[in-house]
Amino acid sequence: MLFAVAPLFAQRVSGTVSDETGQPVPGANVVVKGTTNGVVTDLNGKYSITPGDLNKDILVFSFIGTLAQEIPVKGQTTINVVLQSEN
(Lines give C-alpha, C1' and ligand atoms only; values in the text may rest on other atoms or scores of the structure.)
Protein backbone atom coordinates (compact mmCIF):
# COMPACT_ATOMS: atom_id res chain seq x y z
CA MET A 1 0.00 0.00 0.00
CA LEU A 2 2.84 2.41 0.73
CA PHE A 3 4.19 2.06 -2.81
CA ALA A 4 0.88 3.21 -4.28
CA VAL A 5 0.84 6.36 -2.12
CA ALA A 6 4.52 7.35 -2.42
CA PRO A 7 4.26 8.92 -5.92
CA LEU A 8 1.62 11.34 -4.63
CA PHE A 9 4.20 13.17 -2.53
CA ALA A 10 6.09 15.81 -4.49
CA GLN A 11 9.82 15.96 -3.97
CA ARG A 12 11.31 19.09 -2.48
CA VAL A 13 14.34 20.95 -3.71
CA SER A 14 16.51 22.64 -1.11
CA GLY A 15 19.85 24.35 -0.89
CA THR A 16 21.71 27.49 0.05
CA VAL A 17 22.01 30.83 -1.74
CA SER A 18 25.28 32.68 -1.16
CA ASP A 19 27.12 35.67 -2.60
CA GLU A 20 30.47 35.82 -4.39
CA THR A 21 32.33 35.88 -1.07
CA GLY A 22 30.59 32.74 0.18
CA GLN A 23 28.32 34.58 2.62
CA PRO A 24 24.70 33.40 2.85
CA VAL A 25 22.06 35.66 1.27
CA PRO A 26 19.03 35.96 3.55
CA GLY A 27 15.87 37.21 1.85
CA ALA A 28 16.74 36.00 -1.66
CA ASN A 29 13.78 34.98 -3.83
CA VAL A 30 13.45 31.44 -5.18
CA VAL A 31 10.55 30.99 -7.63
CA VAL A 32 9.43 28.22 -9.95
CA LYS A 33 9.59 29.98 -13.34
CA GLY A 34 6.19 30.83 -14.80
CA THR A 35 4.35 30.32 -11.50
CA THR A 36 3.61 32.14 -8.28
CA ASN A 37 5.20 29.26 -6.33
CA GLY A 38 8.08 30.83 -4.47
CA VAL A 39 9.94 31.11 -1.20
CA VAL A 40 12.44 33.43 0.47
CA THR A 41 15.75 32.23 1.91
CA ASP A 42 16.13 32.21 5.70
CA LEU A 43 18.81 33.98 7.75
CA ASN A 44 21.35 31.32 6.71
CA GLY A 45 20.52 31.61 3.00
CA LYS A 46 18.71 28.25 3.06
CA TYR A 47 15.52 27.49 1.12
CA SER A 48 13.20 24.58 0.41
CA ILE A 49 10.60 24.54 -2.38
CA THR A 50 8.36 21.99 -4.06
CA PRO A 51 8.37 22.37 -7.84
CA GLY A 52 5.47 21.02 -9.89
CA ASP A 53 7.67 18.83 -12.10
CA LEU A 54 11.07 17.84 -10.73
CA ASN A 55 12.32 17.05 -14.24
CA LYS A 56 11.03 20.03 -16.24
CA ASP A 57 10.75 23.02 -13.90
CA ILE A 58 13.24 25.88 -13.72
CA LEU A 59 14.06 27.73 -10.49
CA VAL A 60 14.73 31.47 -10.66
CA PHE A 61 17.02 32.86 -7.95
CA SER A 62 17.15 36.64 -7.42
CA PHE A 63 18.13 39.30 -4.94
CA ILE A 64 18.46 43.08 -5.12
CA GLY A 65 21.79 44.10 -6.64
CA THR A 66 22.53 40.68 -8.12
CA LEU A 67 21.98 39.01 -11.47
CA ALA A 68 19.03 36.61 -11.50
CA GLN A 69 19.89 33.00 -12.26
CA GLU A 70 17.66 30.40 -13.86
CA ILE A 71 18.57 26.82 -13.03
CA PRO A 72 16.74 23.78 -14.44
CA VAL A 73 15.89 21.33 -11.67
CA LYS A 74 16.50 18.24 -13.87
CA GLY A 75 15.68 15.81 -11.05
CA GLN A 76 18.04 17.41 -8.52
CA THR A 77 16.91 17.67 -4.90
CA THR A 78 19.77 19.94 -3.78
CA ILE A 79 20.71 23.10 -5.66
CA ASN A 80 23.20 25.56 -4.15
CA VAL A 81 23.54 28.92 -5.89
CA VAL A 82 26.12 31.71 -5.87
CA LEU A 83 24.56 35.03 -6.89
CA GLN A 84 26.82 37.39 -8.81
CA SER A 85 26.80 41.16 -8.28
CA GLU A 86 25.28 43.29 -11.04
CA ASN A 87 28.44 45.42 -11.12
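The protein's secondary structure amounts to one helix and seven strands. Both are DSSP runs numbered from the N terminus: helices are H or I with at least four residues, strands are E with at least two. This is a predicted model, where local features need pLDDT of at least 70, side-chain atom pairs count only at pLDDT 80 or more, and totals for chains, interfaces and linings use all residues. Residues are numbered from 1 along each chain as its sequence is written, and side-chain values use heavy atoms, with hydrogens and water left out.

Start with the whole chain. From the N terminus, the elements run α-β-β-β-β-β-β-β. Of the 87 residues, 28% are buried (under 20% relative accessible area, with exposed over 50% and partly exposed in between; 1.4 Å probe, protein chains only).

Next, select β1, residues 13-18. Four bridges join β1 to β4, and the two run antiparallel. Find T16: K46 in β4 stands opposite. The three strands form an open sheet with mixed pairing, in the order β4-β1-β7. Two strands pair if DSSP finds at least two bridges between them. β4 (46-49) and β7 (81-82) are the edge strands, each pairing on one side only.

Move to T66, in the loop between β5 (58-62) and β6 (69-72). T66 counts as buried because its relative accessibility is 16%. Show its contacts (heavy atoms within 4.5 Å). Beyond neighbours within four places in sequence, T66 touches L83, Q84, S85 and E86.
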